[in-house]
Amino acid sequence: MTVARTTVGASASSLAPLQSFLSDVWTAEHLPESDRFPFELALEEVFMNVVMHGSEGRTDVWTDVTLEHAADSVQMTIRDNGNPFDPLTLAPPDIGAAMQDRPVGGLGVHLIRTLMDEVTYRLEDGCNVLVMRKRLRID
Amino acid sequence: MNLTQETQNQTTTLHAQGRLDFEAAGHFQQELEKSVASAATDGNALLIDCGSLEYVSSAGLRVFLVAARAAKAANVPFAVYALTPAVKEVFDVSGFARIIDVLGDRAGALEKVGRHA
């Protein structure tokens, strides 16, 4: 098991460094390219939610990302001290709705739940902790 | 991300290249809105070539929806084509593949919007 971790301030300018972190870990661990996308996507969706909704009226919010590579899976834990919010309580969007009725937001969490094998949320010491895990594809 | 636009045979094509994430979405939306407006003025169809689009998040997806609505309102035939596997997965999972015309290749897209290659 290998563990890598980084912490950034919750502002949009931290998105690029976070994606670089993910990309560097992926390369260092020789993880399959085809498995990277769900993690990149989940990282952006969760982090931007913290930036846009979790940090309202605050400048002290941070986000901490941990990647753990086990034999057959990768686990990503995103922890933040933003406003407490369980994204898994959001109702799934109506993906069958017609174009004019589709809300323009609310898709991020749905994408994460669909693309990851396991997503759990807990509130720990006042921090949001979202744990996402996906088995690696066997080539 | 990079965008290049070309127009021929009453068809405007935007070639999207790179990563369409939160940071890129604002620029993409501005460019797409301009393209919808000019296609409407010129009576052109609008296609987005996604063959080199490596990544899209919900922020990017949202722009496709906004553009598809604007195109529909302006009577501009609109389709996207040549999605990479990751982008295709996002379109499928979000249900967007059902509300936006998604074609496998350029020939299919041209046929969909009523243009000939």
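In strand 2 of chain B, B:H15 is the bridge partner of B:T4. The model is a predicted one, in which local features need pLDDT of at least 70 and side-chain atom pairs count only at pLDDT 80 or more, while totals for chains, interfaces and linings use all residues. Residues are numbered from 1 along each chain as its sequence is written, and chains are lettered from A and ligands numbered from 1 in the order in which they are written.

Strand 1 and strand 2 (residues 11–20) of chain B pair in the antiparallel sense over 7 bridges; here, two strands pair if DSSP finds at least two bridges between them. Strands (E, at least two residues) and helices (H or I, at least four) are DSSP runs, numbered from the N terminus. The open sheet of chain B has 5 strands in the order 1-2-3-4-5, with mixed pairing. Its edges are strand 1 (2–8) and strand 5 (102–103), each pairing on one side only.

Turning to the two chains together, 22 residues of chain A are in contact with 20 residues of chain B, contact meaning that C-beta atoms, placed from the backbone, lie within 7 Å. Helix 2 of chain A gives the most to the side of chain A that touches chain B, with 6 residues.

Which elements give two or more residues to that side of chain A? They are helix 1 (15–28), helix 2 (36–54) and helix 3 (108–115) of chain A.
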